[in-house]
Every structure is written in C-alpha cells, then in structure tokens.
Amino acid sequence: MEQIKDFINIISAPQISFTAIILLFFFIFPPNDLFYKIHRGLRIHKLWTKGGGITIFSFLTIFFIFGITDQNFRMIVTKPDNVPIVALLYLVVFFLWFSLKQAYDNDKRIDEGKGPNEAEDAKQKVLVWPDLVYIELIAMVSVAALLLVWAVALGAPLEEPANPTVSPNPSKAPWYFLGLQEMLVYFDPWIAGVLFPTVIMLGFISIPFLDNNRKGSGYFTFKERKMAISIFLFFWLVLWIFLITTGTFLRGPNWNFFGPFEYWDKHKLVALTNVNLSELFYMVWQNKQLPSNILLREMPGFLLVGAYLGLLPLILAKTLFKKVYERLGPIRYSVFIIFLLIAISLPIKMYLRWGFNIKYLVSIPEFFFNI
Amino acid sequence: MGNLPESHYKLDKLHMIFALLALVLLGSLGGLFMKDYSRDWKDYQKRFRVMEIEKARVKQDAESITLNEDTAYQDLLKSIEESKKTIEANCSHFETNNEKLTNFQTKYDIENQKYKQTKADLDATRFLLEESKSHHDSDLQINQQTFDTLNEQTNALALSVENLDTQIKNEEAQYKACKAELTELERNARSIMGTQNVIQRKLDRIDPNEMSLANQLANLIRDLPIIDLSNPNNKIQQIVLKDITDDVIFTQIPKVDRCITCHLGITNKDYEDAPQPFKTHPNLDLFMANDSAHPIEEFGCTICHQGRGRGTSFNSTAHTPQTPQQKREWEENYNWERMHHWDKPMFPVKYSQASCFKCHSGEANIAGAEKLNTGLKIIEKAGCYNCHEIDKYTEWPKSGPDLTKIKSKISKEFAYKWIKDPTSFRHNTWMPSYFNQSNNDDDVSKKRSEQEILAMTHFLFAQSEDYSLEKVKKKGKFENGEKLVASIGCLACHEVKPQADEALTSVDSLRRQHGPNLIGLASKTSKEWIFDWIKNPTRYHPETRMPNLRLSDQEAADIVAYLTQERNTEFDNQVVPGMDPIILDDIALNFLTRVNTKEQANDKLVSMTSDQKLFFSGEKLISQYGCYACHNIKGFEDAKKIGTELTEEGDKSVNKLDFGYIHKEHTKIAWFEEKLKDPRIFDKHKEKAPGDKLIMPNFNLSQEEVESVTTAILGFVNTKTVAKKSKARTPENLFQEKGADLIKQLNCQSCHIIEGEGRTIAPSIEEWLVKYEKETEADAAKYKDNMSPPDLHGIGKKLNTEFLFNFLHSPDQTIRPWLSVRMPSYTFNVDHLNMLIQYFQTIDGETRPYRDQVNTDLTKKEYTAAENLFSVENLDCQKCHVVGSKNPSGTKDTWAPDLSFAQQRLKPEWVIEWIKNPTSLMPGTKMPTFFDPDDFENSGPETILDGNENEQIRVLRNYLMSLADKKPDLKEKKKQTPPPPVVPIAVPIVVEPPTEQQP
C-alpha cells in the first residue's frame, strides 16, 4: 500500500503528470484524422459510452476512497474549503463525459446517415408545462435541499481574527484563481496576472469571429470538429483544470509541491537554481561576461520571442496550418495564431523551467520587465 | 393531472421524483431546525434545573423542620391566632363603618375629578387672559371675568378635596391602630420564615409541581422551537464587560463571556460536590463572589482562563485538557478536538495563575498565586532577564559574580572544570550548563567544546585585572567558624548542603538559595580571597549584593577556617585537556571567516600565535554564548542582550515557535516546557554548523520548576485588554513596585517579614538554638521567632524617617541585643535609600514622612507618675524590654527592643497609639494590651494621675522618650503648645517618584 502511495506521490509531480497528460491527451482527444484512427484503434472511444462512464466514475471514486484512508490525503481533501472543489472535479468529469457521449452517439448517427439526435428534437414541440417548468421546479427543490444539507453538515471555514503579522502558509487564492497563481510559478507577475487573463478574455471574445465553421452548430459532434474541440479541451483541461487541481491539492507550505499522500512539512526545502536565458547564453554556453548593454544582453531572448511570435506563424501558415490559413484568411489567421501561440507558451515555459531551469527569457529587472 | 400526450417526459415518474425530493427538502429543513435547536448547553441547563429543584426541596424540608422545632415560631403562630380573635371582638365595629368609608371614597373621587377639570380650564383661561392683555384685545373683560370665576371654583374644590382626604385618613388610621398588634406579629412571622419564603418563591418559579396551572402550561411550551424566541427557560447567559476587551488585532471589542451558560453553579456554594460543568469555583472568597476581589460581573471568566468566551459548546470555547488522560476522556465524552483557529486557547487549570500577572505584574508577591510567584522567583534567580529583555526586570542587576578580577579568586583549571560542568562542583548551582547538552554531546562536539572552554578561560584570565590579597591576619578556628556561620545570618542567603535533596522549589526555598551553596570551597579559592571577600565584599565586586556583616578579623578568620575545610576531590580529579591546535585553528578560522574572506582569514590565522588564537576565539565565544550577560567581563561593558525579548512572549503565536523535528502537539505550552526542560531540543536531527546551534544553556530544572516558569512566561502578555482593570501607575504604587523589587534583589525577606512574607531564616535559627545554645527542641521552636530578625510590619508609620534613613545607611545601633543574627551593612546609594523609605511608608499608608515636633517634656509630678507606671508594680515594661545595658527579666521568647532608642527611633504619635492598642497596629504582637480598648475609661490604674488613661499614656510616652538621657530635664510647669492644625496639602508627594518607563 505504501509503495502505491509513494508511486502516486512521485508521478503526480507536475513534470511527470503534466508530460503524461500531454502525451495521452491527443490520443484521448485526437485533433486530426491520424490520431483519430489510433484513438479508435485503441478503442479509447469506448470511454464515452455508459460503460466507459461507469468505469471513469468508479475509478475516480475508488481513488478517493483509497486516498481518504491516508491521513495526509484526508486532511487536505476534507478541509471545508476543499470539499466543494472535490465535488467540482466530479462535475467536470461528468459533463465532459456527458457531452462527449452525446457527440459520439451523434457521430455514429451521422455516419449512418441519420443526422444528429438534436435534429430529431428540433422537429418535436414540447410544452412549457410540464416539460420545462416541472423540471425547473425539481431542479430548484433538489438544489435547495442540497444547499441545506451542505450547510448543516459542513461548518463555514471561519478562521482566527486576521493578523497582519501572521500570513497563512501557504497563502492561497480562491480556488478559481489557483490556476493563475500556479502560473506565477513560471511567469513574471505581469504576464501571469495581467497579460494572460486579458488574453483569455480577448480569446473568448474573438472565438465567434474566428470560428466560421458551421459544423456542430446546435448539436454535439466530435468527428466533425476534432481540431476545435481538441484545442479547446487542451486549454480547458490541461491548462486550467489541471493547474487548479495542482494549486488546490498539491501545493503546500511555501508553495512547494507535495504529493497527495505526502505530509505538508513546513521545513521542506527545494533548491531554486533558476537562471535567465541571457546568463545561460553568455555565461554557460560561451563562458563570457554578461554584456553591460541591456539590449545586447537580452538580445537572445528578444530574438527568440520575436521568432516565436513573428516567424513561427508564417512557417505554420505554410506547413501545419496551411488549411486553417486558407479557410481563415490572413487577418483572422494572425489573430488566431497569436492567441494560440501565447497560450501554448505556458506549457513551453513550464518545460523550459523543468528542462533548463530557465527563469526568464528576457529579464530586464532595471525596468521591471521580464518575459 | 393525467399523462398529457404532448409531454416529452413520463409524468408519473416526475411526480415520484418531485414527491421524493420534496420529502428530502422537508427532511433537510427539519435537519436544519434540529441542528439549530439542539444545543449542548440546553441539556446542561435542563440537568442543572433538576439538580436545582432537588437542592431547593431538600433545603426547604430542612427549613420547615427547623421552623417546626422552633418554639419561638410556634408561640408566634399561637399569638397570631389569639390576636386575630381579639381583633374580631374589638375592631368589629370598623367593619360596619366600611360603608361610610366607601362613601367618602366615592365623594373624594368625584370631587377630585371635578377639581382637576376646573384646574385645566383655569390654566387654559389664564393663557387667553394673558394673551388678550398683551394684545389689548376687546375680550379682555370677558376673559378676566371667566378667569376670576374659575379661580374661585378651583379654590373651593381644592378645599373640599383636602377635607375629604383628611376624613378618609382618619378613618383608616383608627382601623390600623386597632389592628396594630396583629400586623406586628405577622411581620415577625414573615421575618422568621424569610429563608423558607425565598426557597418557596424559587420553587414556584422552577419546580413544575409547585407552579400554578398557567405557569405549568407556559413551562411546557416556552422551550419549544420558534416559541422559544420570547422567554424560554433555557437561554444563553452572558456577561458583557465593557472595560475588558478582546484583542482582534485591528480593534478591541468588549469581552463577552458565556461560560455561565453551562457553568451554572459557579458562584453558588451549594454545588461544591456537583459534577462539571456545574461545580462551584474554588476559593469563592477571592474569585467570582460579589464581595470578593474579582466579582464575576466585573471580570468574567476568560480574562483569567483564556479561551473563547463567546463559545457555547465544549469545543468552540477552546477548552484545553490538563493531562493526556483527561484529553482521552474528553475525546470520548465530548468529542473534544483542539480549536486551532483561536489564538488564546483556555489554559489548562494548572497554568491558570499565569493570568494573575496581567494585572498584578507590579506586585512583589501575588497572594494566592504560588506557582506564578515561584516561576517569577526562578526567573529572577536564574537570571533569565540577563539574556532576555523582560519589561519587569529592566533595572535588575546581573546575576553572576564579577569576573574582572577572576585571576585572584580561582585558578584556570577550576574555571575550565566549572564552565564545562558547573553541577559537578556544586549540585544545585544556578550557573547553567552549556556543554555536553543534547546538541553538543557527540564526540566531535565534545572535543570542540574542550577547546572552546580553554579559549574562554584563557580570555577571562588574560583580561583579569590584578587584585592584591592580604594574608589572613589571625589563626581561625573551625568550630568557631561553623558556629558563626550558623548564627550571624549567613544562612539567610547561603546553604551548606553537600547533597542534593528532593525538596520542592518554592519562593521560600529560593530565598535560602540567594547566594551559592558553600560547599567544597577549598577546591575553589584561597583562604586569603575568602577572608578579603567576607571582610568587605564590595572591594572585590562593587555591585555585589553580598552585604558586609562587620566581621572582626578573628571572626573572619574563623569563618575562613570553616569554609575552607572541605574539598571536592572528585572535581579536583577532573583532567584539564591540553590545547589541540587543529581544532583551535578551526574555531578561530570559523570566527575569522565571518568578517573576512577565506584567504584573509587564513593569512590572519597564520600570523597569530597560539595565545592570540586562544584570546581571539575566547572573546568571540564569550560573545556568542553571552557569558557577559550575567557576569561583568572586561570588554563587554556595552554588549547587548542575546536572547529573544520575553515581555510579551505569552502572546506569541504558535507558528513563530520552531518545533524543528520534535513531534509534539504544536501548542505554546508544549514548546515552552520542552525548551525549558532541554533548551537545545529543537536542534534534534538538524544539521548545523557549531556556531549556528542553539545556545540557551540548561538550568537543569525539575518538572515542577518547568511548570512554574512556563506559568510565568504564559503570563508575560500585552496588557492593553485589561488596561482599565490594572493598578493605576500612581507614584504610591510605583514606590511599592520599585521598593519591592529592591527588597527581592537584596533578599530582605529571608530575614525579615515584610508584607506578611518572609523570615525564611527561622528554621536555621532553630537549628542553631538547639545545636549551639543547647536549648531543647521545644524551646527552640518557641524562641525561634523572637531570635530571628524582626517583622517589619508597620515600620513606615512607626519609625522616624531620619532614623530609618540612618539605620539603613549604617545599622550600627543594636536595638535587639539578644539577637546573634546581624543586620548587615549594605552599600546603598541615595536612590536606594529613598526608594526603601518610600516603600515602607507607602505600604503602611504613611503619607507624610516628617511629622510635627511633639513636646515630650515632663514635670516632676508627671515623671514620678510615669516611673510608677513603668515599674514592676504596674506595667512592668522591663519584663520584656531591654533598656540600655539592662536585660529583661522575662524569657527570651518575649524579649523586646531596647527602649533607650525610643526617642531616636519612634514617632511620638505612634507610641501613643501603640501603648493604647498594640494588636491593632501589629496583629499577633507579644506586646500586651494594657489599656482595654473596650473599657478604656477603667483600664488604667486609678491611683495614678487621677485615673486619666490618656494622661497616663502621654506621660509614659514622654518618659520612654527621656530614657536615652541620663538626667531628664524636668520642667516645673508643663508648657505644651498645641500643634498647628493640619492643612491638607494638594500634592502629598514630597520626594520625586522613581522614573517610570512610559510604554
């Protein structure tokens, strides 16, 4: 039993779990035909059936039941603030499964030439009473009951009077901001705290303008929108839910990483040996002193970032995203690809950190400007 | 409703789901009510009510039995019966007159109403009249007429009302007079039945069997849910304290204590044996009761006990168990768990005394708080304040001896062995152990410690000044020395105790350990040094607290002979290791690299001789270990304290305390206790360089001592929450505080009783009486108090300020010649003297240090009368009092001060009071009360001065005042100018108060 726990502790380290998730991700949510073939071949699509759903839920539940027997796991999961987050995890998994199940059902029907389920629905008419109002009433009553039971069973997580000389360790943001807080590990505050949230907002705003594919409109489908759904789920599950989960359950005192069965030891110390790209470039690779000129010093970083945002879209337009470019046209393509690249920069930065201990690509502390 | 064909859903199923969910909602709503309604404290209140009823019934039964057996009461009942009959016979005609009275009453009511109405009309008309006057209206005439008529009517009515009233009163008075006897008897009966009535009223209120039907009904429903919002039986009881606050960091909020919601019998004596939470508070004379010093209505509970006063459940009040066993019990019975989110959990009962310090920090001895007093005394004795800043002790002197002339006192070898392990020389020393502790007892550290100690000793001796010692002038005798040590008062502060004993540490035992245990001194120092030291301690150490006992050369030589009799051979045989250049280099290099680069450090090291290395390392080590905090060491005059400030240590939040790898529950108490038991414990399992290790030394405290000190530390808190309850910082209180501090520092209370505390020397006096004076044990026990230094109760009122000043300055008058214990000479500075005098005068309520001069002249006649009073025939003063060289005739246990000092010593007004009524000035005094205060006029001898007691006392006083003169100057005619009247002075304080540190 202890070996299992130790194993889980080790693999839940972000370096390993994040990599594993990325590797598995495109087989579970294939973005193109090639992956889709393998996906079908490995019969992963069975996940989105009733049986698959039961398996996923059983697995999740067994994990929690197993985990709760461990004192450290129990302490974190049953904290009154964390209980609803555990429930949210279930909801995320449920709705993911539920939508994909309908999408796969529809795919099958479309393959058979029947058209999606929703098309059938649209032909029928239902009454406001009882079909809508009754269901709403039932939902209302059940939510009311749920809130009452919750309020009775779990006390409000009140703590001691606030004291400016005592900061809680770890100091955590509300759960919905923990993704952002987790990004702070890898980015300068102005990027993680200002730029990324803005880009996310703008990204959402621009979706209707960028997405001119009418398929899947009004009905669930996966096959017809493989790329779009895959990209969306990548951001949603990997870059948001995963980060929140990590931030909530796996970040302990001093924002150190702790496995789910690990004791939150305040004394745990992790070596911080991060360097900037300029230091790596001049000092490690060329054995030279850092240039005193700021621009010269940060030239490698600027070039790299410039290439990433300036050159890479052009190359992609000619290669991987040729079709996309053709469909969107130059302006919409530029907007799309810039957002996409900024979003992908998050995992890239994570790997740069883990692989090369890179702190910043461009670091100009003189002007509080770091990338 | 039926199944509609259009519906997308199966309606029957939906109905089922809806019904089910509705039930769930109802159930959860019910659950909500249940949870809100069912509270532990309600059950406690119900249980308490049952107990209350039971106790009241028992009491009432007992009371009625007493009443039945009380013949006075029975007689009274009989007389009431008789009186009723008499009244029936005599006053019956008044009954018939009742009709008349009713008539009067009716008339009165009618007339009175008429009067009021007419009066109202009159007032309204007055306004109209006045208005028309001012406006010169045309209807002035009419108004004037109406007003006059109404005025007349009002007057007439007022008269008739008055008459009727008088008539009614007359009638009533007659009836009352007839019934007077019965009324009186009934009142008597009521007063006899008083207690029973109170109990009965209580039972009517709480016992359903005794209630009226309406009340029974109300009793049934008043505690039901929702209805209980009006006036339930069970409700939360709370005490709101406006002048004591809870500190919630950003603001102070009034303290609200709801403890009495469950602790219902806390102020009631009847519940002493009741189970918790109903049990009575111990010591009701001091706490809780309305006439005690801390009434519950003014102090609440959590000001002392801590915890969350607003909580109303076992856990939310932050109860803290006292022992692991109690913790298990609580977990089982109350589902107890620690309330982590409350910074001030309740103190376990054994630490409750900590809170006394909050308000009583200025008092030398906090009555009733023995544990806290012991803890504070240990802190004073161990000198915690030398390293740790503690507000209370900022002006206290260093605890250890002066090391600036150490060369002349001890050898280097002794110093080495002593530093290495002080307990190996003196088992109960207060010098703490720095080495061979839990974080430096491995072989490598031990080797390093040896070299460190060598370096420190080298430094101390290199820094030592020269100090010349003379030869011991006489040849001393061991036996005489032993006797002197036992008799002249050395044992007030020193012990001679070769073996450790198991006696518990207390304030008294620590007074006896004020100075070091005088064992094995031959191993420590030379005869010459001891001789020089005891002859004049301040010569060697100007700030020493060791006083001068004015020893003659022979006495000193005898004592030296006694003290240097014993050696500690085991200690002598310890080996002092040689210098190890490699380790020493490492030590020196370690310090050098702190301020130098490696290369510079190496260069410096190479250029040093080994003596220089020792000196350099020694200096740094002394600075690191903080030796200078307790000892005067040359070169460290301005060094800062090295410990954490402890002034508000009790408030420190637990997450600021590093538990390291010690798996103890994270509470402040656990941390303090562990730290005190083993100050290095939190280094366990840690990898640290030698210079980074914890350095607090080990005082080898016992578990009881640890608890006492922990109590004191828990009491070191910020006092702003109780600022309004604390003693005001008036000059008087400051005199008391400062004086008491000085008295503690000088250990005056080991000889004297001051403020009812002290004289711990008495047992050693008793031993001396048996051993050297050959008294029987019974006699010794009887004599020991009078053979000990005097009780200083009341000396502020009693002694002349000038005498007190002179005596403290140089106590060379022998007031009590029979004592062999000596009042030593202290080297007081003038501040100290003023402080002490102000202290004694303040505690005795003496507001004026100097009094009017009193004429103590006597005429010849008065002198003869006084002599007569003084003589054996009358008061026989010399039976107890020494006069000059003449010893008293009574036994030793009654001997009293030399009266020939009366004039110098005593305030004349005080002597009068003293002779009149000694016990009122000094409870328990041996001085007989010659003039019975209850029958003063007849108490004196009738033959002297016409039996005028006041005169007798006055001439006796004047006689005493003249005893110092060889030939009293007798005046033929008494000329006594009356003293000028006392003019109240606006500013009563004559002398500057000691400076107070403003917070």
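Author: Two strands pair if DSSP finds at least two bridges between them. Keep that in mind as we look at this predicted model.

Reader: Happy to! In which sense do strand 1 and strand 2 of chain B pair, and over how many bridges?

Author: Strand 1 of chain B (residues 239-247) runs antiparallel to strand 2 of chain B (residues 252-257), and six bridges join the pair. For one facing pair, look at B:Val240, which stands opposite B:Val256 in strand 2 of chain B.

Reader: What do the two strands form, and how many residues lie between them?

Author: They form a hairpin, with four residues between strand 1 and strand 2 of chain B. In the turn, B:Ile249 has a positive phi of about 70°.

Reader: Now for helices. At what angle do helix 35 and helix 39 of chain B pack?

Author: Angles of 65 to 115 degrees count as roughly perpendicular. Helix 35 (residues 860-870) and helix 39 (residues 949-962) of chain B pack at about 90°, their axes 9 Å apart, so these two helices of chain B are roughly perpendicular to each other. Among the residues making the contact are B:Tyr863 and B:Phe870 of helix 35 and B:Leu956 and B:Tyr959 of helix 39. By class, this contact has eight nonpolar, two polar and two charged residues.

Reader: How many residues does each chain give to the contact between chains A and B?

Author: The size of an interface is often given as the accessible area lost when the parts come together. Here we can count residues instead: 21 come from chain A and 24 from chain B. The side of chain A that touches chain B has 16 nonpolar, two polar and three charged residues.

Definitions and conventions. Residues numbered from 1 in each chain as written. Chains lettered and ligands numbered in written order. Predicted model: local features only at pLDDT ≥ 70, side-chain atom pairs only at ≥ 80, totals over all residues. Contact = placed C-beta atoms within 7 Å. Nonpolar A, V, L, I, M, F, W, Y, C, P; charged D, E, K, R; others polar. Axes fitted to C-alpha atoms, helices over the stretch in contact; angles between N-to-C directions. Parallel < 35°, antiparallel > 145°, perpendicular 65-115°, else oblique.
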